[in-house]
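Please look at the sequence and the 3D structure together before reading on. The briefing below is meant to be read slowly, with the model open beside it.

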Amino acid sequence: MSSAVEAPLEERLPATPDLVPSDAPADDLPVTIIERRPDWQIVDLRELWRYHELLFFLTWRDVKVRYKQTVLGAAWAVLQPLATMIVFTLFLGRMAGVATTDVPYPLFVFAGMLPWTFFANAVSSAGNSVVGNQNLVTKVYFPRLIIPMSAVGAGLVDFAVAFGLLLLMMVGYMMVGYAVAPSWQIVFAPLLILLMTVAAMGFGTLLSALTVAYRDVRYAVQFGVQLWMFATPCIYLNPETAIGPNARLLLPLNPAYGLIYNFRQSMLGGPLDVYSLSVSAAVGIAALLLGCLYFRRVERGFADII
């Protein structure tokens with residue numbers, strides 16, 4: 001009885017080509033370089049662009065969640081500035097200093113409340129955005145800066161909805177004889193909206209990073225935004241008649257002041273204030289640079305702290 005002799009295992013396995021030829025030149029081998037990212041880096045635009053689809057989906061998610069299971073839906077974006085306009089008209093209409101102008105006070109207030117509502121909601125939402133998305137932060141990597149950016153983007157959607165009501169009010173007052181037709185200054189309106197977005201993004205990003213480390217910041221934000229509105233008197237007062245010259249020099253240090261005032265002027269056909277626009281724009285851009293710089297500095301510890 002004969003017995004078969006089994007071949008060694010190495011001989012029975014099929015030959016497989018080497019993944020990297022042994023005689024390959026050293027320059028052709030794949031090389032991965034891991035470098036330490038600088039601590040103080042403002043923003044990585046290339047990385048943000050790679051995740052631009054995620055930014056879109058997070059923005060759309062915030063919009064849908066905000067109006068999910070609501071009766072009025074997106075109409076809430078209009079009701080907030082509209083209700084504030086009614087209150088100011090009833091209690092401040094005679095002392096606001098606009099009785100001598102051709103702009104009716106309700107339209108005057110709404111043209112100021114519209115950008116302010118966007119700015120305030122964007123700052124508040126962005127300030128709480130990182131803590132509110134802690135499940136994403138702790139489970140998967142992506143540029144954390146996208147989170148406050150999506151919160152500001154959702155505010156822009158609300159702004160676009162309420163902007164339609166502003167146009168309807170302007171048309172209605174023009175039909176009854178008021179001289180509220182926009183002039184050539186309206187071409188500056190998109191630039192002013194962009195600058196307001198920059199300022200809101202700056203303050204919101206800074207507050208979102210601070211909220212992760214100090215949770216009481218979220219309560220300070222809610223209270224601070226309310227005070228901030230009264231520190232922006234151009235919303236409900238005419239600066240030219242109700243505010244002194246010294247105050248008009250200092251108030252543009254509040255970025256919301258100069259941007260909201262000039263937005264109203266561009267929409268209602270008034271002259272722009274170059275001084276307040278320049279100072280407020282500079283403060284808003286500085287806030288964005290500072291906010292992104294600090295955010296990038298501390299974002300590596302978000303998953304551990306949150």
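Predicted model: local features only at pLDDT ≥ 70, side-chain atom pairs only at ≥ 80, totals over all residues.

Residues are numbered from 1 along each chain as its sequence is written, and side-chain values use heavy atoms, with hydrogens and water left out. The protein has 15 helices and zero strands, where helices (H or I, at least four residues) and strands (E, at least two) are DSSP runs numbered from the N terminus.

**The protein as a whole**

- Of the 306 residues of the protein, 42% count as buried, a word that here means under 20% relative accessible area, with exposed meaning over 50% and partly exposed in between (1.4 Å probe, protein chains only).

**How the helices pack**

- Two packed helices are described by the angle between their axes and the distance between the axes; the axes are lines fitted to C-alpha atoms, for helices over the stretch in contact, and the angles run from 0 to 180 degrees between N-to-C directions.
- Angles under 35 degrees count as roughly parallel, over 145 as roughly antiparallel, 65 to 115 as roughly perpendicular and the rest as oblique.
- The axes of helix 5 (residues 105–127) and helix 13 (residues 255–268) come within 9 Å and cross at roughly 135°, and the two helices are therefore oblique to each other.
- On the side of helix 5, this contact is made by L107, F108, A111, G112, P115, W116 and F119, and on the side of helix 13 by A256, I260, F263, R264 and L268.
- Sorted by class, the contact of helix 5 with helix 13 has ten nonpolar residues, one polar and one charged, where Ala, Val, Leu, Ile, Met, Phe, Trp, Tyr, Cys and Pro count as nonpolar, Asp, Glu, Lys and Arg as charged, and the others, Gly among them, as polar.
- Helix 5 also packs with helix 8 (residues 146–175), at an angle of about 170° and with the axes 8 Å apart, so these two helices are roughly antiparallel to each other.
- The contact of helix 5 with helix 8 has 21 nonpolar residues, two polar ones and no charged ones.
- Helix 9 and helix 10 (residues 217–230) pack at an angle of about 150°, with their axes 9 Å apart, and are therefore roughly antiparallel to each other.
- Where helix 9 and helix 10 meet, F203, L207, L210 and T211 belong to helix 9, whereas V217, R218, V221 and W228 belong to helix 10; by class, these residues divide into six nonpolar, one polar and one charged.

**Buried residues**

- G112, in helix 5, is buried, with a relative accessible area of 0%, and, leaving aside its neighbours within four places in sequence, G112 is in contact with I235, I260 and R264.
- T205 has its place in helix 9 (residues 189–213) and is buried, with a relative accessible area of 0%.
- The side chain of T205 reaches the backbone oxygen of M201 at 2.6 Å, while the backbone oxygen of T205 lies 2.7 Å from a polar atom of the side chain of S208.
- S208 is likewise found in helix 9 and is buried, with a relative accessible area of 0%.
- Not counting residues up to four places away in sequence, T205 touches L145, P148, G291, C292 and F295, and S208 touches A126, G127, S129, V130, P148 and F295.
- S208 and V131 are 77 residues apart along the chain, and their C-alpha atoms are separated by 7.7 Å.

**Partly exposed residues**

- L54 lies in helix 3 (residues 52–66) and, at 29% relative accessibility, counts as partly exposed.
- Leaving aside its neighbours within four places in sequence, L54 is in contact with F142 and I146.
- L79, in helix 4 (residues 76–92), counts as partly exposed at 32% relative accessibility, and the C-alpha atoms of L79 and A162, 83 residues apart along the chain, are separated by 8.6 Å.

Conventions
Contact = heavy atoms within 4.5 Å. Polar contact = N/O pair within 3.5 Å; in protein donor to acceptor, adjacent residues only side chain to side chain.
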